[in-house]
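Open the structure in your viewer and get ready to select side chains.

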Amino acid sequence: MPELPEVEVVRAGLEPAVTGATVTSVEVFDSRSLRRHDPTYGAFAQLITGGRIAGAVRRGKFLWLPLDDASWTESETGPAAILVHLGMSGQMLLRAAGAPLDGPVRIRVQLEHPQHGELDLHFVDQRIFGSMAVDRLMPTADGAAGGFGSDAALVPSQVMHIARDPLDPVFPDDAFIAALRRKKTEVKRALLDQTLISGIGNIYADEALWAARVHYAQPTASLSRPRARALLAEVRLVLAQALAEGGTSFDAQYVNVNGASGYFSHSLNAYGRQGAPCPRCGRPLVRAPFMNRSSYYCAHCQNVRL
DNA sequence: CCTCACACCTGGGTGC
DNA sequence: TGCACCCAGGTGTGAG
């Protein structure tokens, strides 16, 4: 269940290892992990073999590895990147060259780094909700950097419709709050809408709502401006705290880039804690069905206020 | 245009 | 023991 903090941990782990490295070999063991790849663009392996990776960039839960200019000028395809979405259970594992494939490795990318030598990148994904792809880079609509990790004002075409995330220095607070209050939906649905604000999933949505004392089903149109602003502030706090702790995971599905588990569920106040006392008021937390999943909240602290 | 239900996936857990 | 079923949930798509 990687959300923004977990994906950022992966990005930060990959960045020093892959920047400047050349792709020497690509093996796709399960083509379902190329769900996001458009084959009319070219074969995934062929497009990136020989390319040089310029960095590691993230917006929300999307991660991409831009390819050096020299990698695409000859093919005249324009700037491109290796796009990664971890989905539910995806991992990007750095391994020594030729290391055995432990776990459901769907794609292996072998790299040659001028300083670090040979390195294997394993895309592991049990549930195959994640995917890799090669995608064209497009200019950002606002002219600002496309994501965290690069100054380039470019994003993959598949990320064009994804909103900036709340840790982005140019995240438009006022426009977000206005758009949130214009929506005719429930507040948690809005927090999970990646075209409105990106990077938040079921876990951090529940945590931020608990911290802001907002009921998950409160209509967005009924949120006062100060209350919406306070909610956004709690979203930022929750994400920043999780990031500082190295990400959150529950069943070892999520493992950081070096293979160590990012297990920090003890820091959660609401998510997954049905029946346990609310850390604020002591009353038992509740689990309620929501969008074919679950919402965890305190029925006492988190009141619908119209 | 907006909102929402649903499909896509697999492995672990549970009840019979 | 075996089997059917449920659950986890991020995203794209199509219906209304």
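Start with D30. This model is predicted. D30 counts as buried, because its relative accessibility is 14% and the cut-off for buried is under 20%.

The side chains of D30 and R32 form a salt bridge, with N and O 2.8 Å apart. The pair qualifies because the limit for a salt bridge is 4 Å.

Next, select R236 and D173. What joins R236 and D173? A salt bridge does, and its closest N and O atoms are 2.7 Å apart. Colour the two helices to see where these residues sit. R236 belongs to helix α7, residues 225-245, and D173 belongs to helix α4, residues 173-182. The pair therefore ties together parts that lie 63 residues apart in sequence. Show the surface next. R236 is partly exposed, at 23% relative accessibility. D173 is partly exposed too, at 24%.

Move on to E186 and R189. Their side chains meet in a salt bridge, at 3.8 Å from N to O. Are these two residues buried, exposed or in between? E186 has a relative accessible area of 27%, so it counts as partly exposed. R189 is partly exposed as well, at 37% relative accessibility.

Now select a group: E8, R11, E15, R58 and D165. Salt bridges link these residues in a network.

Finally, zoom out. How many salt bridges does the count come to? The count is 17 salt bridges. Those between D30 and R32, R236 and D173, and E186 and R189 were stops on this tour.

Methods. Residues numbered from 1 in each chain as written. Chains lettered and ligands numbered in written order. Predicted model: local features only at pLDDT ≥ 70, side-chain atom pairs only at ≥ 80, totals over all residues. Heavy atoms only, no water. Buried < 20%, exposed > 50% of the residue type's maximum accessible area, 1.4 Å probe, protein only. Helix = DSSP H or I, 4+ residues; strand = E, 2+ residues; numbered from the N terminus.
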